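Dear colleague,

Please find below the structure for your review. A short account of the findings follows it.

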Amino acid sequence: MNYKMIGRFLSQIIAIEAVFLLPALGISLGYGEDRAVTGFLYTFAIMAALAGILYLLCRRAGKLFSAREGMVCTGVSWIVLSLLGALPFVFCGAIPHYVDAFFEIVSGFTTTGASVVAVPEELPRGILYWRSFSHWLGGMGVLVFLLAIAPTGGKDTGFTMHLLRAESPGPDVGKLVPKMKNTAMILYVIYVVMTVINLVFLLFGDMPFLEALCTAFGTAGTGGFGVYGDSLTSCSPYIQWVTTVFMFLFGVNFSCYYLLLLRQIKAVFRDEELRVYLAIAIVSMVLIALNIYDKASALYGTGSDAVRHAAFQVSSIMTTTGYTTADYDLWPALSKGLILMLMVIGACAGSTGGGFKVARVLLIFKSLRRNTRQILNPNKVQLVRNNGRTVDEKVLSNTNAYLAAYVIIIVLSYLLVSLDGHSVETTFSAVLCCFNNIGPGMDAVGPTCNFAHMSDLSKLVLSADMLAGRLEIFPVLLLLSRTTWKRR
């Protein structure tokens, strides 16, 4: 294990996080929030000191950097980012208990949106910004950002692929262009442009600038931290429809947008994952709208409101954003069952969304079909194809391993969180929504509730679930293996 290389890389990550604190500090200064200013200054000083010490100790690191170092760098970086990112909440007194603050910022960076804050409006404006910006930074990934801006010495040394593979969501990671640095740059340019467009549309809806910016951060990162206590329930139908559309767009694989820029429109519409993603979303919207229409007069007033709320919640849950406009705990059993199903499926690979991913669901079904056919025709070679290309058996094996780890972690987490004594619906949905990076669950952690009542143990377990879900499990599991830390 190349510890010095990991240390030097961590120093860069911490330095970037310190720089990203400055806008929040500026906002607190502008609003005269003295305690928040003090909290940000203390945190900045700690980050700067740690980054400097690490760099000095590890500046002569060797160049050996394999997949193992890439996985470790990714896992450790996200943990360190969260440990330090929680400090402003504690120092300014917004969330005085450190475990609560850690849970909140992990939820932010992993774009989960599960919160311990009941009334976000009471938070200092700088803290509100930092809380929502963590969604935006975690959505595309801070390591991807570093790859986009870091010099490579004129050549791609290979370590960039290991980092991007460890942080990017999906069963397989490829390059948009030959150099990984350029791939990271393209991803972030698309991400920034879409965020700005979303912000402009929100401003057209007469949303105040800071609130619109925070909402755009949460939408782009598919995070879901609301700036209001009722999420977006009190916002106008225009704001809700704009958010519905952009949540859905950020749940699409970003390589599709790159293909659109190249005017390869046919290739986009031939993408199997995109077509399945569209089909699942549309069918779920229609079924839920029809299912809740009988209660529209009691809950929403009109059938059009039922359609709007169904579309919003499907888009929010499937992309794992977590914004709400309705208390879906009051919906009929079929609608709640569909919501639970969408929590598991999630968004597309290569998007900012979480969940199991549509690509993996597609591969699981294709692999199941292949195995069934092999039973009927054992001597015939059966291949799994995706978008006309043969899927590597290693990808299929990794997908099956991911499914096994996914189920095991959910079961173990459920058992630990159940020690709190909450209902089965509360406990299971809490684990499911945190592991899939969604945010609100059901019952006592539903859209009108929060996670403040959970014990410290449950919050730490759920924080680990959020990190494991965002990093696609394996980087976190590798941190727990003794073999990982052995020297070569």
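Gln240 is placed in helix α11 (residues 237–250); helices are DSSP runs of H or I with at least four residues, numbered from the N terminus. The model is predicted, so local features need pLDDT of at least 70 and side-chain atom pairs pLDDT 80 or more, whereas totals for chains, interfaces and linings use all residues. Residues are numbered from 1 along each chain as its sequence is written, and side-chain values use heavy atoms, without hydrogens and water.

Gln240 counts as buried at 2% relative accessibility, where buried means under 20% relative accessible area (1.4 Å probe, protein chains only). A polar atom of the Gln240 side chain lies 3.2 Å from the backbone oxygen of Cys235.

The aromatic pairs number 25, a pair being rings of Phe, Tyr and Trp (its six-membered ring) with centres within 6.5 Å; planes under 30 degrees apart are stacked, over 60 edge-to-face and the rest tilted. Tyr129 and Phe133 are stacked, at 5.7 Å centre to centre and 10 degrees between the planes. Both lie in helix α6 (residues 125–140), 4 residues apart, about one turn of the helix. Trp136 and Phe217 form a tilted pair, at 6.1 Å and 55 degrees. This pair links distant parts of the chain, with Trp136 in helix α6 and Phe217 in helix α10 (residues 209–220), 81 residues apart. Both Trp136 and Phe217 are buried.

Yours sincerely

How values were computed. Helix = DSSP H or I, 4+ residues; strand = E, 2+ residues; numbered from the N terminus. Buried < 20%, exposed > 50% of the residue type's maximum accessible area, 1.4 Å probe, protein only. Polar contact = N/O pair within 3.5 Å; in protein donor to acceptor, adjacent residues only side chain to side chain.
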